[in-house]
Each structure stands twice: as structure tokens, then as C-alpha cells.
Amino acid sequence: MAYGLLIDGVLVAGAATIDVINPATGEVLAAAPRASTEQAEQSIAAAGRAFPAWSKLSFAERGAVLERLAEALRPRVDEFARLLTREQGKPLDQAKYEVLGAIAALDYYAAQELLPKVLRESAKERIVEQRYPLGVVAAIAPWNFPLLLMVLKVAPALITGNVVIAKPAPTTPLTTLLFGAVAADILPPGVLQTLVDQNDLGGLLSQHPGIAHVSFTGSTPTGKKVLGSAADTLKRFTLELGGNDAAIILDDADLTKVAPSIFRGATANAGQICLAVKRVYAPRAMIDDLCAALGKLASEAVVGNGLEQGTSIGPVQNKAQFEKLLGFIAEARSEGTIVAGGEPLPGPGYFIAPTIVRDLPDDARLVREEQFGPVLPVLAYDDLDDAIARANDSDYGLGGTVWTGDVERGIAVASRIESGTVWVNKHLDLPFDVPFGGAKQSGIGRQQGIEGMEDFTQARIVNAALS
Ligand code: NAD
């Protein structure tokens with residue numbers, strides 16, 4: 001199938017093409033159109049033309065359009081899921097879950113409305129906070145959840161009256177392009193557009209005066225560049241960035257329950273989740289049993305092509321990430337003890353056996369940096385206060401988990417973790433109505449919840465004298 005960029009309501013070829021690699025085979029899966037600077041300018045201009053009419057519609061009218069988009073996707077779940085597995089690598093059941101999540105997000109936002117807030121009302125005065133849309137939103141997404149993360153920007157931006165230019169990561173553009181092709185028949189020209197680049201248009205979008213808001217999800221170093229290029233126009237932005245989330249196991253936890261949850265939380269999507277478990281702190285007395293349990297789960301995992309039935313862990317999404325992980329493993333091997341895995345799998349794809357490492361010092365790279373792959377360090381603690389301090393000793397502050405037999409004790413520990421979300425005895429529960437975002441260098445702003453929708457709007461206080 002030939003993929004097109006959606007610009008001004010029309011699917012068009014790019015100025016060039018990008019080879020999209022299937023990470024399970026290392027082979028070219030498709031040629032994606034690559035947009036030129038001129039095409040980026042055309043799409044910004046088309047978005048500017050589309051904004052007045054779209055923003056004047058009511059929430060209910062825009063919601064009806066989003067609902068039609070969800071309806072158009074529903075019969076195509078399997079098609080989207082297979083394409084997602086082939087471009088991103090995740091097992092087909094996880095891909096299907098992502099596609100269903102994207103449709104559920106469209107359904108959810110289709111029914112939302114931001115109502116004016118009455119801040120003060122008396123015989124003398126009425127003060128109301130209204131919200132109005134910002135204009136053209138650049139939605140810039142990473143390669144780990146290409147479809148879901150993009151729709152989690154597109155849907156709230158559109159329902160609040162903005163128009164969107166969707167820019168996927170260069171290694172996973174296909175599901176966004178297919179989404180654009182479906183939207184082409186439903187949304188007015190210019191309301192949603194798709195631009196594929198080779199990591200060269202993000203800067204243009206984030207500094208362009210025609211863009212009002214950049215909704216960015218990606219790494220912390222790139223997020224800092226967005227922050228810099230948005231400065232000149234004082235552009236609004238939301239930055240959802242990297243994490244190095246700690247899982248803290250308390251001494252009353254039941255390891256038979258906790259170990260599988262931690263393993264899943266560290267290896268789902270081959271560990272390429274911003275909120276994955278990226279380091280584990282456990283009481284010293286539990287370390288041997290925990291490592292044995294995690295090692296057993298690692299050896300039982302089925303690593304392979306996500307299209308094959310029974311695969312539990314797919315390949316790492318791209319070669320650069322694969323090589324970065326091999327570097328992490330090589331350093332971890334020299335400083336610590338590999339309990340399981342520690343090797344790439346033979347074959348042309350980017351497969352890494354799930355890897356558990358113990359006995360690392362706190363300043364090891366695998367402990368301090370974001371690995372973003374199925375490689376997990378397990379660290380011992382003697383004192384809970386010390387474990388909390390070590391968990392907080394990070395530039396990141398995205399998520400975290402606490403595992404315990406006593407939920408109140410868990411909540412007390414969670415309340416001392418410096419990050420945007422902390423789960424107790426569960427993980428990766430992200431309801432659409434609950435705001436989510438990073439502390440410290442894990443981000444600025446919120447997605448989801450009312451706050452997430454408000455991030456796509458400007459507050460306007462109308463302050464009227466009544467007498
Ligand atoms: P990345 O920062 O390399 O790329 C993200 C996006 O930014 C891509 O679309 C890329 O083309 C674009 N980009 C590149 N240069 C740019 C520039 N100068 N200006 C604007 N955009 C530019 O990230 P990645 O490697 O694709 O994704 C992995 C990272 O994303 C990890 O750090 C992960 O933790 C993070 N992430 C965060 C969240 C969250 O919600 N906090 C969710 C998923 C992933």
C-alpha cells in the first residue's frame with residue numbers, strides 16, 4: 001500500500017521517502033513519504049485556514065466528528081494492529097490493546113466539554129473563567145506507542161477546538177499515516193494533518209509562529225530542545241519526557257505476586273514504556289528470592305516476532321536503541337552480576353533476551369540513566385528511608401511503584417516519592433480522566449484529565465460588575 005501525507009485534506013506523496021524497517025526482521029517494510037520544509041509550511045498554512053471554522057463549532061459538534069472517526073476505526077482494529085506490530089515490534093495482542101485504547105480515547109474525548117467556571121458570583125459582580133482554543137497544535141510523538149500517544153494528543157486538542165499537525169517518529173510513521181488516511185474522509189481539510197520527517201521538522205514546528213502549542217512526547221534531551229525553540233514565540237507546550245521509575249518492594253510484600261507484576265512492568269513493550277519499572281529496590285533479605293523469581297520469568301519469556309502466536313516480548317524498536325541497550329548490558333556485566341539474559345538473540349531482528357542484573361553500584365549507568373528496554377537492575381536496601389532517598393536521587397520524576405502487604409504503609413511511602421504518578425500494588429493504570437505528567441526533568445504540563453484538556457486552551461477571565 002502507498003502511504004500519503006495528509007495535507008489540506010488531500011493525501012499526497014512526500015518530497016522524498018523514508019524506508020521503514022520491521023524491527024523483527026531488519027527488512028524494509030514500506031517506504032513512507034518524507035515531508036519537505038515546503039510541505040510543512042503548506043500544512044501550517046492550511047491548519048491556520050481551518051482553525052476559525054473548527055474552533056467555532058460547539059463541543060457537541062466536534063464530538064460528533066470524533067465519534068465518526070472512532071466508528072471508522074472500529075472495523076479496522078486488526079489491520080491497524082498488524083501494521084503496528086510490523087512497524088513497532090510489539091506482540092500482536094499488545095498492539096491490539098493499543099489500537100483499542102486509541103479508539104477508546106476518541107470515544108472518551110468525543111463526550112467531553114470544558115465548561116466555564118464561575119469563580120465569584122454576587123449581586124455586585126460575576127467573575128468567570130472561560131477557556132478558548134489556542135490554534136494550531138503540533139503533536140510530536142515517539143516510537144514506543146505511535147498510535148495511542150498520538151491519539152491522546154489529537155483527541156483532546158481537537159475537542160477543545162484546536163487543529164492539529166501530527167508528526168510521528170521517523171521509525172514508526174505508518175500507523176499515523178493510516179490514521180490520517182481514515183481521517184481524510186471525515187475531518188474538514190486542515191483540521192488534522194500528518195507530516196513525516198527524518199528528525200528534521202520538529203524544530204521547525206516548535207519555533208514556527210504559526211504553531212500555537214507543541215504537545216511533545218519523547219526523550220528529555222529532545223524535550224529541552226523544544227523548550228528552547230518555543231521560547232522565541234513564548235509558545236505554549238506540554239512536555240512528556242523520559243523517566244527512570246523506581247519500584248520499591250517493602251519487607252511485607254508477597255514476592256509470588258510482586259515478581260510477575262514487576263517483570264511485566266519492566267518488559268511489556270520490550271521495556272520501551274516511559275513508565276516502565278526501570279530499577280527495583282528490595283530489602284536485602286529478599287534479594288535472592290526476588291532475583292530467582294525474576295530470572296525464572298525471564299527464562300520463560302518467549303522473545304520473538306510479535307506476529308507469531310505466543311510471543312510475549314517483541315524486538316526493540318530500532319537499531320540505535322538496540323545498540324544502546326547492548327552498551328548498557330556490557331557495562332552492567334563488568335560492574336554487576338547478570339542473573340538472566342544478557343545477550344542479543346541471533347537473527348536479523350533487534351531482539352534482546354530479558355535481562356536481570358544485580359549487585360550494581362548506585363552510580364552504574366543502568367541505575368542512573370533511562371535504559372528504555374528489557375534490562376532491569378535489582379538493588380538491595382537495608383533501610384527504607386535510604387531506599388526512598390535513592391529512588392528520589394534522580395533527575396527524573398515520571399512514575400514509580402510501591403509493593404506491600406499493607407496498602408496504608410504503601411501509600412505513606414508513595415507520598416514521599418518525588419514524581420508525577422506513584423502506584424501502590426498496581427502499575428500502568430492511566431484512566432483518561434486522571435491527569436498524568438512528569439516531575440523534575442520528566443516533563444512540564446499535564447495530559448489527560450481536565451488539566452490535560454486545559455493545557456490545549458487559554459484561560460480568559462471575564463470579570464463583570466452587575467451593579
Ligand atoms: P525522541 O526525543 O528521540 O523523539 C521524539 C519525537 O521528537 C520524534 O517524533 C522526533 O522526530 C521528534 N524530534 C526530534 N528532534 C526534535 C526537535 N529538535 N524538536 C522537536 N521534535 C523533535 O524520543 P524517542 O526516542 O522517540 O522516544 C523515547 C523517549 O520518549 C523515552 O525517553 C521515553 O521515556 C519518552 N516517552 C515519554 C512518555 C511520557 O508520557 N512521559 C511517553 C512515551 C515515551
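What follows goes from the whole chain to the ligand and then to the sheets.

A: Before anything else, this is a predicted model, in which local features need pLDDT of at least 70 and side-chain atom pairs count only at pLDDT 80 or more, while totals for chains, interfaces and linings use all residues. Residues are numbered from 1 along each chain as its sequence is written, and side-chain values use heavy atoms, with hydrogens and water left out.

Q: Fine, so how many helices and strands does the protein chain have?

A: The protein chain has 15 helices and 22 strands, where helices (H or I, at least four residues) and strands (E, at least two) are DSSP runs, numbered from the N terminus. Its radius of gyration is 23 Å, close to the 23 Å that the globule rule gives for 467 residues, so the protein chain is as compact as a globular protein of that length. That radius is taken over C-alpha atoms, and the globule rule is 2.2 Å times the number of residues to the power 0.38.

Q: And what box do the C-alpha atoms fill?

A: Taken along the principal axes, the C-alpha atoms of the protein chain fill a box of roughly 70 × 60 × 40 Å.

Q: On to the ligand: which residues come nearest?

A: Ala 141, Asn 199, Ser 219, Thr 222 and Glu 370 come nearest, out of the 30 residues around the ligand; a residue counts as near if one of its heavy atoms lies within 4 Å. The shell around the ligand divides into 15 nonpolar, 11 polar and four charged residues, with Ala, Val, Leu, Ile, Met, Phe, Trp, Tyr, Cys and Pro counted as nonpolar, Asp, Glu, Lys and Arg as charged, and the others, Gly among them, as polar.

Q: How much of the ligand does the protein cover?

A: The protein covers 89% of the 860 Å² of accessible area that the ligand has on its own, with areas from the Shrake-Rupley method with a 1.4 Å probe and, for residues, only the protein chains shown counted as cover. The elements giving two or more residues to the shell are α7 (202-207), β10 (213-217) and α8 (220-230).

Q: Where does the ligand lie relative to the domains?

A: The ligand lies between domain 1 (5-241 + 442-465) and domain 2 (246-431), because both give residues to the shell around it; the bounds come from an automatic or database domain assignment.

Q: Switching topic, what is the order of the six strands in their open sheet?

A: The order is β9-β8-β7-β10-β11-β21, with mixed pairing, and two strands pair if DSSP finds at least two bridges between them. The edge strands β9 (192-194) and β21 (443-444) each pair on one side only. Within this sheet, β7 (residues 136-140) and β8 (residues 163-167) run parallel and are joined by five bridges, and Val 136 has Val 163 in β8 as its bridge partner.

Q: And the sheet of seven strands, which ones stand at its edges?

A: That open sheet has the order β14-β15-β16-β13-β12-β18-β19, again with mixed pairing. β14 (337-340) and β19 (423-424) stand at the edges, each with a single partner strand, so one side of each is left without a neighbour in the sheet. β14 pairs with β15 (residues 355-358) in the antiparallel sense over three bridges, with Thr 337 and Arg 358 as bridge partners.
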